[in-house]
Amino acid sequence: MKIVVIGGTGLIGKQVVEILSSQGHEAKAASPSTGVDSVTGQGLDEAMVGADVVVDLTNTADFDEKVVVPFFSTSSRNLLAAEKRAGVRHHVALSVVGTDRIGVGYFAGKTAQEKAVREGGVPYTILRATQFFEFIPLIADAGTRDGSVYVTNHLMQPMAAADVARIVAETAVSPAIDGVLEMAGPERAGLDEFVGRVLAARNDSRPVVTDPQAGYFGIPIEETSIVPLGESRIGDITLKDWLNSTSQHGL
Ligand SMILES: NC(=O)c1ccc[n+]([C@@H]2O[C@H](COP(=O)([O-])OP(=O)(O)OC[C@H]3O[C@@H](n4cnc5c(N)ncnc54)[C@H](OP(=O)(O)O)[C@@H]3O)[C@@H](O)[C@H]2O)c1
């Protein structure tokens, strides 16, 4: 199968390209650094010639709603239009668990992306993942004030990027479901607990202060806003295993 991975140079994208290539598929990473831009449309038609599947793993570093909404809606609309022209049979998009319940801030961007995918006219599968373990240090940094890390004790169920990539790759070579699948990590606990465990493993001495009202990147959340409420695929890698492997690799 020819599978174009938009955002194939990113954290998840790189691993998805690697997995699919190792299975004998023609997996092609496409992103601005390879001359393909889903926002301007540059290089899209050329990248999609002969593609069976397109996996959208793009992201923007900016969390501002005014940036993420136009980014994800324009990018998704351009991708789906190019996919229709090229006869692509399956569009896979990676979204975030809670997108359907939160809908503001960064989640507004993911809502716009999911809507564009549903209306795009190409058979699709929307995957929603919880926060990656790799993302937890950023959550800590975002909550830092005067040397302390203020985070909520509302629940999270994070997962390793490697588990996300494995499930994305599996979905890419499966039939489109025209619906949503959710995935999460093997453990559920307070966000403060996960942040504390990651900081401790990294010998980061910032104290973690539990503040139920801290929200998530400035977005007010409730107890179960960012964990799956229904059925979900569960990743294999625990935070303990991930911390052990990242410390061995000096990360
Ligand atoms: N972080 C989390 O905890 C989390 C949880 C659930 C879901 N997600 C979702 O997972 C997805 C992938 O995240 P990630 O952490 O792997 O992202 P990432 O490492 O930040 O990589 C982003 C990728 O998007 C590409 N990109 C940026 N602008 C583009 C454009 N205009 N056209 C085409 N490609 C563009 C980048 O290309 P260059 O390298 O060329 O710049 C890069 O390959 C995102 O959609 C995110 O919403 C994240």
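Analyst: Let's start with a term: a polar contact is a pair of N or O atoms within 3.5 Å. This is a predicted model, so to speak of local features we need pLDDT of at least 70, side-chain atom pairs count only at pLDDT 80 or more, and totals for chains, interfaces and linings use all residues. Residues are numbered from 1 along each chain as its sequence is written, and side-chain values use heavy atoms, with hydrogens and water left out.

Now the contacts. A polar backbone atom of Gly 7 is 3.2 Å from an oxygen atom of the ligand. In the side chain of Asp 37, an N or O atom lies 2.9 Å from a ligand nitrogen. For the side chain of Tyr 106, the distance from an N or O atom to a ligand oxygen is 2.5 Å. On its own the ligand has 940 Å² of accessible area (Shrake-Rupley method, 1.4 Å probe), and the protein covers 82% of that.

Around the ligand there are 27 residues (each with a heavy atom within 4 Å of it), and Thr 9, Ser 31, Ser 33, Thr 58 and Tyr 106 come nearest. By class, this shell has 14 nonpolar, eleven polar and two charged residues, with Gly counted as polar and Tyr as nonpolar. Helix H1 (11-22), strand E4 (90-96) and helix H5 (106-118) each give at least two shell residues; E4 has the largest share, three. Helices (at least four residues) and strands (at least two) are DSSP runs, numbered from the N terminus.

What space does the ligand take? That space is the largest pocket: a pocket is an open set of points on a 1 Å grid over the protein atoms alone, where a 1.4 Å probe fits, with protein on both sides within 12 Å along at least five of seven lines. A molecule sits in one if more than half of its atoms lie within 2 Å of its grid points.

How values were computed:
A polar contact is a pair of N or O atoms within 3.5 Å; within protein, one must be able to donate a hydrogen and the other to accept it, and residues adjacent in sequence count only if both atoms are side-chain atoms. On a 1 Å grid over the protein atoms alone, a cavity is a set of points where a 1.4 Å probe fits but cannot get out, and a pocket is an open set with protein on both sides within 12 Å along at least five of seven lines; lining residues have an atom within 4 Å of a point.
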